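User: I would like to go through this model term by term, with each label set against the rule behind it. Could we begin with a single side chain and work outwards from there?

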Amino acid sequence: MRKPDSLQRVLLDPAGAMIPGNRSVRAVTRDGRMLRGRRLNEDAYTIQLIDEQSRLVSLVKADLRSFDVSPTSSMPSFETTLTADERADLIAYLLSLKGR
């Protein structure tokens with residue numbers, strides 16, 4: 001779905017190319033249970049996230065002890081770990097994939 005230049009940006013600067021809705025979140029409930037996942041939807045009173053087991057979790061903000069949105073990406077930058085040719089090969093491979 002992405003264009004080659006978009007994939008290149010993500011590989012070099014994952015945090016800079018993040019869509020706000022795809023930020024990682026950490027929520028701690030009043031009873032101390034910690035949940036981590038990807039923010040799916042949020043309004044003034046609730047937050048829905050996809051947890052680390054790919055389950056949809058809906059939380060009422062008033063029931064949380066803490067809630068943090070990560071400004072960084074969990075994906076590392078590949079600027080120094082892959083050569084330009086390796087990045088080009090990876091982008092070509094990603095572009096060859098077909099959606100479900």
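User: Which backbone nitrogen does the side chain of Asp31 reach, and at what distance?

Analyst: The side chain of Asp31 reaches the backbone nitrogen of Arg33, and the distance is 3.3 Å. This qualifies as a polar contact because the rule asks for a pair of N or O atoms within 3.5 Å, where within protein one must be able to donate a hydrogen and the other to accept it, and residues adjacent in sequence count only if both atoms are side-chain atoms. The model is predicted, and local features need pLDDT of at least 70, side-chain atom pairs count only at pLDDT 80 or more, and totals for chains, interfaces and linings use all residues. Residues are numbered from 1 along each chain as its sequence is written, and side-chain values use heavy atoms, with hydrogens and water left out.

User: What joins the side chains of Asp31 and Thr29?

Analyst: They are joined by a polar contact of 2.3 Å. Asp31 itself sits in the loop between strand 1 and strand 2 (34-42), where helices (H or I, at least four residues) and strands (E, at least two) are DSSP runs numbered from the N terminus. The C-alpha atom of Asp31 is 8.2 Å from that of Arg65, a residue 34 places away along the chain.

User: Why does Asp31 count as exposed?

Analyst: Its relative accessibility is 63%, and the rule calls a residue exposed over 50%, buried under 20% and partly exposed in between (1.4 Å probe, protein chains only); therefore Asp31 is exposed. Ser54, in the loop between strand 3 and strand 4, is labelled exposed as well, because its value is 62%. Ser54 also has a phi near 65°, a positive value in a residue other than glycine.

User: What makes Asp5 and Arg9 a salt bridge?

Analyst: The N to O distance between their side chains is 3.5 Å, and a salt bridge requires a side-chain nitrogen of Lys or Arg within 4 Å of a carboxyl oxygen of Asp or Glu, so the pair meets the rule. Side chains of opposite charge can pair when their charged atoms come close. Both residues belong to helix 1 (residues 4-12) and are 4 residues apart, about one turn of the helix. Asp5 is partly exposed at 45%, and Arg9 is partly exposed at 47%.

User: Which residues are linked in a network of salt bridges?

Analyst: The network consists of Arg39, Glu42 and Lys61. Glu42 pairs with Arg39, the closest N and O atoms being 2.8 Å apart, and Lys61 pairs with Glu42, with 2.7 Å between the closest N and O atoms. Since Lys61 lies in the loop between strand 4 and strand 5 (64-69) and Glu42 in strand 2, this second pair ties together parts that are 19 residues apart in sequence. In the model as a whole, the count by this rule comes to 5 salt bridges.

User: Why does Arg39 count as buried?

Analyst: Its relative accessibility is 17%, which falls under the 20% limit, so the label is buried. Glu42, at 31%, is partly exposed, and Lys61 is partly exposed at 27%.

User: Which residues is Lys61 in contact with, leaving aside its neighbours within four places in sequence?

Analyst: With contact meaning heavy atoms within 4.5 Å, the list is Glu42, Asp43, Ala44, Tyr45 and Thr46. A polar atom of the Lys61 side chain lies 2.8 Å from the backbone oxygen of Asp43, and the C-alpha atoms of Lys61 and Tyr45 are separated by 5.5 Å.

User: Which residues make up the largest nonpolar core?

Analyst: It has 8 residues, namely Val25, Ala27, Leu35, Ile47, Leu49, Val57, Leu59 and Leu64. The label follows a rule: the set must be buried Ala, Val, Leu, Ile, Met, Phe, Trp, Tyr and Cys residues joined through side-chain atoms within 4.5 Å. The elements giving two or more residues to this core are strand 1 (24-29), strand 3 (46-51) and strand 4 (56-60). For Leu49, contacts beyond its neighbours within four places in sequence include Val25, Val57 and Leu59.
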